[in-house]
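Here is a friendly briefing to read alongside the model. Have the sequence and the 3D view open as you go.

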Amino acid sequence: MKKLFSIMAIAAMVFAGTCNVNAATAQTVQSNAQTLTTAATVTFVQDEEAAAEADEPQGWHQELKQRFIEGGPAFMGIVLLCLILGLAIAIERIIYLNLSTTNTQKLAANVEDALNSGGIEAAKEVCRNTKGPVASIYYQGLDRADEGVDAAEKAVVAYGGVQMGQLEKNVSWVSLFIALAPMLGFMGTVIGMIKAFDKIQAAGDMNPSLVAGGIKVALLTTVFGLIVAIILQIFYNYIIAKIDSIVNSMEDASITLIDMLVDYKNRK
């Protein structure tokens, strides 16, 4: 009887131990499954975020920067230098021309009033206190007024040419950069095409993947050269239009000054 109870007790202990082991194993498996599920979820979310970032369109400045880097530093750097120098000269000319612009009608009225009230010296004082090429031309004409109207007219014409040269100073450099930028781009394109054909010759096979990169780089140089030329052309046309406007004002003001001097001489 005691043996029977002993056997039953041992069996009960073995069964209880087996149950505990199974429960622990089940908990371990469940924990591992949860860990794998969490890791898979995190990986899936990261993949989705990466795909979303890849699909997100880049800004135009980022795209421009990327294309500029892909074009290579050799010709892209020279084209960029043309843009920087051309813009620097264009901006300097625009500031100078805007400061040279004066109200010629108001200046002519002030000079005429001073000439009638105080004579030549009073009119010259008005020109000294006024900025711009028109006031300078007026001053030169009034300074020669004592020598006669013809001498004053010659002084106005001569000094008008000097002022026109000052207005057009360094503008030819802008036109040079306008012509140079696309030519550099075309040169980069030709060199890139030569390199692409060299790759074809070396491989002995017409494989598009061999030449696609070279052709892409070659075309990028042309695109950036044309962009630089377009930007500088806009500034150049504005500068030329501004110079023409100031020159027309100078010519009209010169005629008005000669008429004023003739009337002044006749009244004397």
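Is glutamate 92 buried, partly exposed or exposed? Glutamate 92 counts as partly exposed, because its relative accessibility is 35%; buried means under 20% relative accessible area, exposed means over 50%, and partly exposed lies in between (1.4 Å probe, protein chains only). Please keep in mind that this is a predicted model, in which local features need pLDDT of at least 70 and side-chain atom pairs count only at pLDDT 80 or more, while totals for chains, interfaces and linings use all residues. Residues are numbered from 1 along each chain as its sequence is written, and side-chain values use heavy atoms, with hydrogens and water left out.

**Salt bridges**

- A search of the whole structure turns up five salt bridges, each being a side-chain nitrogen of Lys or Arg within 4 Å of a carboxyl oxygen of Asp or Glu.
- As background, side chains of opposite charge can pair when their charged atoms come close.
- Arginine 93 counts as buried, because its relative accessibility is 3%, whereas glutamate 92 is partly exposed.
- Lysine 124 forms a salt bridge with glutamate 121, and their closest N and O atoms are 3.7 Å apart. Both residues lie in helix H5 (residues 120-128), three residues apart, which is about one turn of the helix. Helices here are DSSP runs (H or I, at least four residues), numbered from the N terminus.
- Lysine 124 is buried, as its relative accessible area is 7%.
- Glutamate 125 and arginine 128 make a salt bridge too, with 2.7 Å between the closest N and O atoms. This pair also sits in helix H5, three residues apart, about one turn of the helix.
- Glutamate 125 is partly exposed at 37% relative accessible area, and arginine 128 counts as partly exposed at 42%.
- A network of salt bridges links Glu121, Lys124, Asp143 and Arg144.

**Surface patches**

- Which residues form the negative surface patch? They are Glu112, Asp113, Asp259 and Asp263.
- Patches are made of residues with over 30% relative accessible area and no salt bridge, with like charges joined within 9 Å and nonpolar side chains (Val, Leu, Ile, Met, Phe, Trp, Tyr) within 5 Å.
- For the charges, Lys and Arg count as positive and Asp and Glu as negative, while His and the chain ends are not counted. The place of a charge is taken as NZ of Lys, CZ of Arg, CG of Asp or CD of Glu.
- Helix H4 (104-118) and helix H9 (208-267) each supply at least two residues of the negative patch.
- Aspartate 263 is located in helix H9 and is partly exposed, because its relative accessible area is 41%.
- Phe186, Leu226, Ile230 and Ile234 make a nonpolar surface patch of about 400 Å². Accessible areas come from the Shrake-Rupley method with a 1.4 Å probe, and for residues only the protein chains shown count as cover.
- H9 gives the most to the nonpolar patch, with three residues.
- Leucine 226 lies in helix H9 and is partly exposed, with a relative accessible area of 39%.

- Tyrosine 264 is found in helix H9 and counts as buried, because its relative accessibility is 14%.
- Tyrosine 264 and asparagine 116 are 148 residues apart along the chain, yet their C-alpha atoms are separated by 7.5 Å.
- Aspartate 146 lies in the loop between helix H6 (133-143) and helix H7 (149-167). Aspartate 146 counts as exposed, since its relative accessibility is 63%.

**A positive phi**

- Most residues other than glycine have a negative phi.
- Asparagine 170 has a positive phi, near 70°. Asparagine 170 is found in the loop between H7 and helix H8 (171-203) and is partly exposed at 33% relative accessible area.

**Cysteines**

- How many disulfides are counted? The count comes to zero, where a disulfide is a pair of cysteine sulfur atoms within 2.5 Å.
- Cysteine 82 is buried, because its relative accessible area is 4%.
- Cysteine 127 counts as buried at 4% relative accessibility.
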